[in-house]
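Please read it alongside the sequence and the model.

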Amino acid sequence: MKDVYILSVETSCDETSIAIVKNGNEVVALTILTQMDVHANFGGVVPEIASRMHTENITMVLEDTLNKANMKVSDMDAIAVTYAPGLLGSLLVGVEFAKVLSYIYNKPLIKVNHLVGHIYANKIDNKLHFPCLALIISGGHTELIKMTGDYEFEMLGETQDDAIGEAFDKVARVIGLPYPGGPNIEKLAREGTNSYKLPKPVNDDTYNFSYSGLKSSVINLVNNERQRGNEINKADLACSFQTTAVEELTRKLELALKNTDIKNVIIAGGVSANKYLRGKVQEVCDKYNAELALPEFIYCTDNAAMIGAAAYPLYLKGEFADLDLNASSNTNIC
Ligand code: KG4
Ligand code: ZN
């Protein structure tokens with residue numbers, strides 16, 4: 001069979017990224033331009049600034065990717081783009097850009113859901129084995145999904161309030177760590193112990209998650225101690241928070257492994273870059289003799305290679321989008 005080259009575009013949040021992916025699992029070239037330093041000045045992503053920066057940089061990111069691969073847009077078989085979910089203004093920049101390329105070069109357009117992209121990050125240099133349990137853990141999502149085949153999703157459970165990444169970012173902010181909080185909490189937690197008693201979310205037997213109670217209890221604890229003029233041990237608090245947050249994930253994953261007898265697990269999304277979390281998820285998988293697939297660190301956080309990987313099954317099925325494609329904040333993948 002002829003090799004298939006997909007040019008993929010990702011602009012759903014604060015990374016402008018374009019990749020060329022061969023046959024759905026080989027990254028020929030990838031450029032990720034992050035705006036993190038700019039947004040760090042504001043303690044979080046400013047949507048208006050994000051979309052303006054995508055507009056300024058996207059042509060340069062395309063040029064860079066093509067140069068790295070020594071290829072032209074005309075060499076591609078399709079153009080793929082993240083169309084949902086994310087910041088609408090940011091998504092729109094990528095969607096319009098991909099539509100223009102598709103029209104000018106007469107290439108089929110493929111629309112990809114960002115979360116599906118995170119799942120297919122596991123397919124890069126790898127194979128997905130079905131059935132599998134997919135744990136999506138990012139700044140906007142905490143979901144446990146059962147997959148029985150390519151693009152066959154069944155939602156088992158999701159967060160009832162905050163996403164896990166959001167909780168990492170908010171806790172980091174309240175203890176004075178810069179944005180993005182997740183990696184900074186992880187770093188600081190290594191120097192601390194799990195000495196603060198934090199409440200565990202309700203121990204029910206659903207696959208749903210909850211992070212707002214944990215987040216609020218950390219914020220209240222910090223405020224109360226400050227009012228009393230007491231010093232907080234930031235490293236211990238980071239460690240206690242991380243331990244409790246990860247316990248919530250592994251508890252639900254363990255329940256699903258026990259109830260479904262599924263033997264393949266994948267983790268996806270920015271928070272899956274956390275090494276402590278990777279270790280704890282691995283322990284649970286080992287206990288149930290399940291195989292854990294971990295995306296390489298570079299493919300954990302937002303990048304266009306995962307979008308190219310997720311677009312490939314759609315290319316094979318001939319599922320193409322029209323030029324009236326619009327960005328959407330709809331989060332459903334099931
Ligand atoms: O998937 P992603 O890049 O963007 C979204 O789709 O949300 O995930 C970003 C989230 C942020 O909340 C960030 O703090 C978190 O992933 N994150 C981490 C780590 N690296 C990124 N959280 C915990 N530990 C990390 N090492
Ligand atoms: Zn993401």
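Two strands count as paired if DSSP finds at least two bridges between them. On that basis, β9 and strand β10 (residues 291-293) pair in the parallel sense, with 3 bridges between them. The model is a predicted one.

**Strand β9 and its partners**

- In β10, L292 is the bridge partner of V265.
- β9 is also joined to β6 by 4 bridges, and these two strands run parallel.
- The bridge partner of L133 in β9 is V265, the residue that is also bridged to L292 of β10.
- Together with helix α9 (residues 275-287), β9 and β10 form a β-α-β unit that is right-handed.

**Burial of β9**

- Strand β9 (residues 264-268) has 5 of its 5 residues buried, so the rest of the structure largely encloses it.
- N264, I266 and A268 point one way from β9, while V265 and I267 point the other way, and all are buried.
- In a regular strand, side chains alternate between the two faces of the sheet.

**Salt bridges**

- Across the whole structure, a search finds 17 salt bridges.
- Side chains of opposite charge can pair when their charged atoms come close.

*K123 and D150*

- K123 and D150 form a salt bridge through their side chains, at 3.6 Å from N to O.
- The pair links distant parts of the chain, 27 residues apart: K123 is in the loop between α4 (114-120) and β6 (132-137), and D150 is in the loop between β7 (142-149) and β8 (152-158).
- K123 has a relative accessible area of 19% and is buried, because the cut-off for buried is under 20%.
- D150 counts as partly exposed, at 33% relative accessibility.

*K215 and D162*

- The side chains of K215 and D162 meet in a salt bridge of 2.7 Å, N to O.
- K215 belongs to helix α7 (residues 212-227) and D162 to the loop between β8 and α5 (164-174), so this pair ties together parts 53 residues apart in sequence.
- K215 and D162 are both buried.

*D204 and K252*

- In the salt bridge between D204 and K252, the closest N and O atoms are 2.9 Å apart.
- D204 sits in the loop between α6 (181-189) and α7, and K252 in helix α8 (residues 234-260), so parts that are 48 residues apart in sequence are tied together by the pair.
- D204 is partly exposed, at a relative accessible area of 31%, whereas K252 is buried, at 1%.

Notes
Residues are numbered from 1 along each chain as its sequence is written. Chains are lettered from A and ligands numbered from 1 in the order in which they are written. This is a predicted model: local features need pLDDT of at least 70, side-chain atom pairs count only at pLDDT 80 or more; totals for chains, interfaces and linings use all residues. Side-chain values use heavy atoms; hydrogens and water are left out. A salt bridge is a side-chain nitrogen of Lys or Arg within 4 Å of a carboxyl oxygen of Asp or Glu. Buried means under 20% relative accessible area, exposed over 50%, partly exposed in between (1.4 Å probe, protein chains only). A crossover is right-handed if, with the strands pointing away from the viewer, the path from the first strand over the helix to the second runs clockwise.
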